[in-house]
Amino acid sequence: RRVLFRSGMNVLTEKGTAVFFDKPGKNNVYYAFHNATARGSVIKVFNPGNGKTIYVKVLGPIPDTKLYANSIIGICSSAKEALGVTDNKAWCELSYSPN
């Protein structure tokens with residue numbers, strides 16, 4: 001879904017399952033894998049279950065492994081606490097600028 005903000009910035013939104021992988025974040029910088037954005041892009045990740053939001057920096061596309069099956073994003077495990085997640089998967093809403 002595309003949303004045009006008042007600033008004129010075009011933003012895409014996506015809803016689906018996030019999975020978590022073991023990679024520590026540094027100084028509250030969280031990392032992720034995502035297929036529709038370029039390496040270095042920043043994605044807003046919102047947890048609708050508790051209203052918590054984080055921002056993640058994209059490392060590259062989602063690896064083609066069983067861990068990431070049927071997920072829209074892979075997020076480093078250090079972000080779980082900030083998102084208020086205890087499981088290895090969570091429903092989330094993403095917002096990002098298209099490439």
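This is a predicted model: local features need pLDDT of at least 70, side-chain atom pairs count only at pLDDT 80 or more; totals for chains, interfaces and linings use all residues.

**Aromatic rings and a serine**

When the whole structure is searched, two aromatic pairs are found, where rings of Phe, Tyr and Trp (its six-membered ring) pair if their centres lie within 6.5 Å, and planes under 30 degrees apart count as stacked, over 60 as edge-to-face and the rest as tilted. Phe-21 and Phe-33 make a tilted pair, with 4.8 Å from centre to centre and 35 degrees between the planes. Because Phe-21 belongs to strand β2 (residues 10-21) and Phe-33 to strand β3, this pair ties together parts that are twelve residues apart in sequence; strands here are DSSP runs (E, at least two residues), numbered from the N terminus.

The rings of Phe-33 and Tyr-68 have centres 6.0 Å apart and planes at 85 degrees, so this pair is edge-to-face. It links distant parts of the chain, since Phe-33 is in strand β3 and Tyr-68 is in the loop between β5 (52-60) and β6 (73-76), 35 residues apart.

Residues are numbered from 1 along each chain as its sequence is written, and side-chain values use heavy atoms, with hydrogens and water left out.

Phe-33 is buried at a relative accessible area of 17%, and Tyr-68 is buried at 8%, where buried means under 20% relative accessible area (1.4 Å probe, protein chains only). Ser-41, in the loop between β3 (30-33) and β4 (42-47), is also buried, at 17%.

Key. Helices (H or I, at least four residues) and strands (E, at least two) are DSSP runs, numbered from the N terminus. Buried means under 20% relative accessible area, exposed over 50%, partly exposed in between (1.4 Å probe, protein chains only).
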